[in-house]
Amino acid sequence: MNKLSIRELSLYYEKHQALKKISLDVESNEILAVIGPASSGKSSLLRAINRLYEIDYARITGEILLDDKNIFDIPISELRRRIGLIFATPVVLPGSVYKNIAYGPKLHRRLKKSELDELVCDALKAGNLWDEVADRLDDSASRLSGGQQQRLCIARTLAMQPEVIMMDEPCSGLDPISTAKIEATMLELKKDYTFILVTNNTKQAARISDRTAFLYLGELIELDKTQKLFTSPADMKTDDYIRGRFG
Amino acid sequence: MTFRIGPRTSQIIAYITLLVMTAITVIVLFFIIFYILKNGIGQLTLEFLTDRTRDMGREGGILPSILGTLFITIFAILIATPLGVGSAVYLVEYTKGGFIRRIISFGADCLAGVPSIIFGLFGFIFFVITMNLGWSILSGGLTLAVMILPTIIRTSEEAIKAVPYTYREISYSLGGGKLDTIVRVVLPSALPGILTGVILGIGRAVGETAAVIFTAGSSLGLPTSIFSSTRTLAVHFYILAREGISMPKAYGTAAVLIIIILAINFIAYRLMHRFIARYY
Amino acid sequence: MKDKIAEKLLLFIAFSAILSLSLITFFIFQQGIPLIFKAGLGNFFSLRWAPTRGGFGILSMVVGSLMVTIGALAVGIPFGLAGAIFLAEFSSSTIQKTLKPVIELLAGIPSVVFGFIGIVILVPFIREIFGGPGFSVLAASIILGIMILPTIVSISYDALLAVPKTYREGSYALGATKWQTVVMVLLPAARSGIVAGIILGMGRAIGETMAVIMIAGNALKIPGSILDSVRTLTSTIALELGYAAGDHRAALFACGSILFLIIIFLNIIATRITNRK
């Protein structure tokens, strides 16, 4: 079943067109990798799906369906709760580890202190961070290391109990060990969530994704099973890119 | 043949001149503070701070003026802070250039340049006479609120602008609405900067004379309600000094003023530093 | 829904500054302007100020305000610029970080304290050295000059810092000394910011009231020398508002109107200059 369906999606910043009639489906419980060189529209695609493009004063045409329902028919805060977004640089909000995780859930519903505690604990466990921060929940989140901060951001998104998790180059600033931890986390979570992973790192896409989409200058060039796309791509441009000839 | 000074020499002369002139500025400042404190600190007894003013200020203490200053300042801050911070939030979060932004900024800039005597005239004719509030803490507080409004708008605006854009993105991406984002993320992050503006506003209000003397009056009684006329510390000091009522009491009152101003500036400076350390 | 209400409310609040400015403009003019026409421009810009007997001439006060303002600029500009240049170009960042707040502290000292220092130190000093009453244009100019220093220093300092680093490097690369760079490159490049600072300082000087009342002597005539007593527009308002009624009060608001126009004019120029980048 398709979790997300994108039909003829175009996105414009003022005069610049960042996405050109993209159509693709995202299946439930898969990891879809989106690769492509700089300014190919990868981030714009993510920002279109959770309507974050609106704060950049951009506009879109086309259709995006979440569980066969147009995203514009879903209240925006519910949409963004159901589709989480992790940014390239981990941005922790000022305040403690606990407050960072609790921020999202508190926006969406009233919770008792005990419920909230439980939610925070579960989210941190799911984000593979609990063991490292269990005794410092009240410490300022900015004191965590870069890798921990990124897992905190993942846990913060998990705390909202989303359905889809979009990641925008989540490991670009991290060392290999932290990257491995995050990839392991994703593979564990795959059974409950759907992932869209934007990455500059083709090897990462090859390692963990089920299918891969290649974007170039705002167009969807190719979308196929990861193994197929990386071994025998249908398009020359894809071939050049994954072989590192440009980008 | 004309005599020319070489570049090295002119550099040295310039450096020394600039150094001396800057030193004079700083020395003048420290001298003023030192002089007032040296002559006034002896007056600062508990009795001086907690006694009523008697015989026009020749005898007794300055309690009525301390209370008057306190009430007027609190009142002014209570009015000006929500207006100032609200304006700043609107300017940064809701306008994207354009006419409205320009007109609001223009208003704040002009208001910041209006001299205090004009605020005095305005407060007198508008609050005291037209709205019939009389010479009172209320009139004085409202006048000062208008006066410190631009200070609070400008500092809050800078503080809110300094909050990283990514914080807003995070909050939106977690499903927060615009108001949630402003109330739960932007304002708490900008708080030290905003407080700096409020504290600078308090400083202006405490030191102000021309705008309060015609709106709050100069009664020496203990204020009983917001409709009481009162004499702030700055006004009391002005009257003591100008009418030569009592030099020792004038020095004492000035010392209290200076200590308050120093404390306020120190706190504002510390807060600003904490804020800058966090975001720049 | 919640967001929409909040936006409307904030928009309303955001107009508080411009609304206040409009109210001030309206009330000052409404009280003052009619009198100017009632008295006639000839009377209004004459030397005879006897507001209880039909004399509404503000000329001596306008001249007085101008004199102390020019005097204040004569003191404030050299010291202010020197401070700004020293801080921006000739001192380490530690010195900058210490001195800037110290100079800004000057702005926080209440004007009555400056007036008082004028009375107890400057006025007797001038009386000793130069003779005369001591309460004078000179005394007012010096005190006002000190009062506008922080405005000039901090705006000029920001303007100097805003000059791109490449300008400095370019000049040093040609073998210029620091001082030559300041004079030939930095001051011209930062000119508009510096001028804006001076204009705002000028506005402060014209509008200052309490300090001037305390040290200027307040005699109602055009001063013949800088050692003579002088009365400004602001002093007149503050000295007489307490007991004025009828046309007399209206005349004080007329003084206020003139002052207000001057200030708004200066502010517009300053804004124009700073926005012209």
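**View 1. The salt bridge between chain A and chain B.** In this predicted model, the count between chain A and chain B is 1 salt bridge. R47(A) is paired there with E169(B), and the closest N and O atoms of the two residues lie 2.7 Å apart. Across the interface of chain A and chain B, 5 residue pairs are also found in polar contact, both residues being at pLDDT 80 or more.

**View 2. The side of chain A that touches chain B.** At least two residues each are supplied to this side by α2 (76–82), β6 (83–86), α3 (97–108) and α6 (146–158) of chain A, and the largest share, 5 residues, comes from α3(A). By class, the residues on this side of chain A are 13 nonpolar, 5 polar and 7 charged. The contact draws 25 residues from chain A and 18 residues from chain B, and the two chains bury about 1800 Å² between them, with 65% of it on carbon and sulfur atoms.

**View 3. The contact of chain B with chain C.** Here 75 residues of chain B meet 72 residues of chain C, and the area buried between the two chains is about 6800 Å², of which carbon and sulfur atoms give 83%. In chain B, the residues that lose the most area to chain C are L18(B), L29(B) and L121(B), together 9% of what that side buries.

**View 4. Polar pairs and helices between chain B and chain C.** The count between these chains is 0 salt bridges, whereas 6 residue pairs are found in polar contact, both residues at pLDDT 80 or more. Among the elements of chain B giving two or more residues to the side that touches chain C are α1 (7–40), α3 (63–94) and α11 (247–279), and α1(B) gives the most, with 21 residues. That side of chain B divides into 57 nonpolar, 13 polar and 5 charged residues.

Technical notes:
Residues numbered from 1 in each chain as written. Chains lettered and ligands numbered in written order. Predicted model: local features only at pLDDT ≥ 70, side-chain atom pairs only at ≥ 80, totals over all residues. Heavy atoms only, no water. Contact = heavy atoms within 4.5 Å. Buried area = accessible area lost by both parts, 1.4 Å probe. Salt bridge = Lys/Arg side-chain N within 4 Å of Asp/Glu carboxyl O. Polar contact = N/O pair within 3.5 Å; in protein donor to acceptor, adjacent residues only side chain to side chain. Helix = DSSP H or I, 4+ residues; strand = E, 2+ residues; numbered from the N terminus. Nonpolar A, V, L, I, M, F, W, Y, C, P; charged D, E, K, R; others polar.
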